[in-house]
Amino acid sequence: MQLASIHFKQRASGALANERLQGNLKRFGSGFADKRAAARAAYGADAFDELREASAAIRDRALADLDAWLLRFEQEATRRGARVIWAEDAAEACAQVLAICARHGLKKAIKSKSMLSEEAALNDALAAAGVQPVETDLGEYILQLAGEAPSHIIAPAIHKDLGEVSELFVKHHGRPRSDDIGAMTREAREMLREHFLSADLGISGGNFLVAETGSVAIVTNEGNGRMVTTLPRVHIAITGIEKVVPTLEDLSALNRILPRSATGQEISNYFSILTGPKRAGDADGPEQLYVILVDNGRTRLVGSALQEMLRCIRCGACMNHCPVYQTVGGHSYGWVYPGPMGSVLTPAFQGLENALDLPQASTLCGACHVACPVKIPLPDLLRTLREMQMERGLRPWAERAAFCAWAFAARRPWLYALATRIGARVLRWMGGRRGMIRRLPLAGRGWTLGREFPAPEGRTFRELYRASGRQKA
Amino acid sequence: MPVMRVGLFVTCLVDLVRPRIGFAALELLEAAGCEVAVPQAQTCCGQPGWNSGERASARALAEKVIAEFEGFDYVVAPSGSCAGMIRTHYRELFAGEGAWLARAEALAARTFELTDFLVNVARLTRVPGRFAGTLTYHDSCAGLRELGVKAQPRALLAKVPGAALTEMTDSEVCCGFGGTFSIKFGEISAAMAQAKCERIRASGADAVVLGDLGCMLNIEGRLRRSGDAATRVLHVAEVLTAKP
């Protein structure tokens, strides 16, 4: 996917002006967050929080010896007949997929949801090499028809409404328009069925990799994942190296927290543990199973101040609880991962200088941290990225100067008292009879574009307190 | 029980914009039987620098606050975000530094947001204020999620004669202030404030009550810009000390 995170502000501005999108975002609203809250309550709030704690510990244990667990995974997967391929970056991941296509003469790929394939822009690479990629997750399918990128990591087409999808279906399916969700879903299934049966390659992501068994675990709701991983003669699972967990026991704990955090489900409709290709006597399954383990910037985070981000299990709870995401939508963030987790991952993977606004585009309200199933301290990580920006001189000169001036004054009480005394009076005067300032100059313009600035009372607390004669010291 | 000696951390926004909230906090602490002092050299807790990645300036101001306030039994601020800065983030500023870290942690343990202090430490039983009308409470993010301030202000407001509390939907959702976020991303911030204002109006309350100046300026600024001159925006300390 083309990186456009540097344009966050313009994109967000466009999103705010797009009435249809705003309506769709409002309808989406707190739906997932409410479902998660209900699932947490049903599980028992305290038990749920203990499970979060345990899940974070599981992820930390995996990350502490990431190299060792990955090698164990490779060993076990290979022993069971899968082939494990390592890819350092997106380009190498695509090249490896294409090499497999060439080796086996593959022409059509059906895909289940994979954010890593978005990271690698795999569909473009496949199409350019003459392999037809077909997205089979309903949301991803809709977006493929629309030529758009996902705006949410588990609900990719959440920014679209029924009418938009109906129009797309009419245009691409050539059938009479329907506005009935059941009928439309059946229509998409019919369209996809033909692809399922004719594809020779299935490409999936992987929610988890289990080191002790060499298995790939996949969490889905639509059943398309089953088709993708069993029908075609070749299956490629492509995933980030951080997805590994040591044991099946660990997988079981994480599979309790993931669906509850994501959609509020106790368990997803389908949960597959794929171990090796079809064996002699198996009724179905692929003849060849490849697992492509992609780094694409992840090892840089190991041992860094951002390592906790690698705990992420891609549930989407942070964006579901993020008031900024809910206001501007996922496309504003300009890359594969939106919301709080994306605001950490995008600069981490794509470079701090290529996503300048993202670490700043948060009120640090903390809702994401509270919702995160693996307790990633997202506000702290965003703050850390802000520090890195400052250190590398990536913030505007005026902002740095303003902070220096403020810190200089705040450490000199006499100067601070004088400045605030003047400031309070000037602002009071600007507020006029209503006590509201309509327009502030310089950086303050950002405030008064959409709000008044309530004017100060006119004298500072410090002055009034001194005048009250209560001062003892 | 010996008299509790409280250092009032006024906060920079109260000092500059709404001094009456500082006096209301003072009145409440005294009503709770505390001996209150207001160190005159105090300025800012360092939060703007901390949140913007200016660690050095945040640290310098944290040292200043520690030196000014460590002599008191308690430090109380009429703000969840400033109290949260001292309580949860000072230790991160001094991580790995023996002496300063110990001083920061000692101060953190004795620092409270105003309503948290009044309810859980001073155990204030009667409040001086009265209010005729309905109130709705906006949970400010730092107070709520860093300090667990949720029941405390509501418990105190329930003691105010004449005041009826009604909850808005999503009272825990951020109003869009976020410090410098409100200026850097003014458009997004104002849109978030608008969503909050709609929930406040839908609650039918006469006034929205809150515990942080940032949210207060943001919400009041958006209400007035959108033509709502009626819905009042009050700090919880103002309601608790309001004169009939």
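Guide: What follows starts with the chain-to-chain contact and then turns to each chain.

This is a predicted model, in which local features need pLDDT of at least 70 and side-chain atom pairs count only at pLDDT 80 or more, while totals for chains, interfaces and linings use all residues. Residues are numbered from 1 along each chain as its sequence is written, and chains are lettered from A and ligands numbered from 1 in the order in which they are written.

Where the chains meet, 54 residues of chain B are in contact with 53 residues of chain A (two residues are in contact if their C-beta atoms, placed from the backbone, lie within 7 Å). On the chain B side, the elements that give two or more residues are helix 1, helix 2, helix 3, helix 4 (55-69), helix 8 (141-147), helix 10 (181-184), helix 11 (186-202) and helix 12 (213-225). Helices (H or I, at least four residues) and strands (E, at least two) are DSSP runs, numbered from the N terminus. By class, that side of chain B has 25 nonpolar, 14 polar and 15 charged residues. Ala, Val, Leu, Ile, Met, Phe, Trp, Tyr, Cys and Pro count as nonpolar, Asp, Glu, Lys and Arg as charged, and the others, Gly among them, as polar.

One helix pair shows the meeting of the chains in detail. The axes of helix 20 (residues 397-410) of chain A and helix 4 of chain B come within 10 Å and cross at roughly 10 degrees. Axes are lines fitted to C-alpha atoms, for helices over the stretch in contact, and angles run from 0 to 180 degrees between N-to-C directions. Helix 20 of chain A and helix 4 of chain B are therefore described as roughly parallel (angles under 35 degrees count as roughly parallel, over 145 as roughly antiparallel, 65 to 115 as roughly perpendicular and the rest as oblique). Phe403(A), Ala407(A) and Ala410(A) of helix 20 of chain A make this contact with Ser57(B), Ala60(B) and Leu61(B) of helix 4 of chain B. The residues of this contact divide into five nonpolar, one polar and no charged.

Within chain B, the domain assignment gives domain 1 (5-120) and domain 2 (133-241); such bounds come from an automatic or database domain assignment. The C-alpha centres of these two domains of chain B lie 22 Å apart. Between them, 29 residues of domain 1 of chain B are in contact with 23 residues of domain 2 of chain B. The side of domain 1 that touches domain 2 in chain B takes at least two residues from each of helix 1 (12-16), helix 2 (19-31), helix 3 (47-51), helix 5 (80-93) and helix 7 (114-120).

Chain A is divided into domain 1 (5-299) and domain 2 (398-467), and the C-alpha centres of these domains of chain A lie 51 Å apart. Its secondary structure comes to 23 helices and 12 strands. Taken along the principal axes, the C-alpha atoms of chain A fill a box of roughly 95 × 55 × 45 Å. Of the 473 residues in chain A, 49% are buried (a residue is buried if 20 or more other C-beta atoms lie within 10 Å of its own, exposed if 12 or fewer, and partly exposed in between; C-beta atoms are placed from the backbone).
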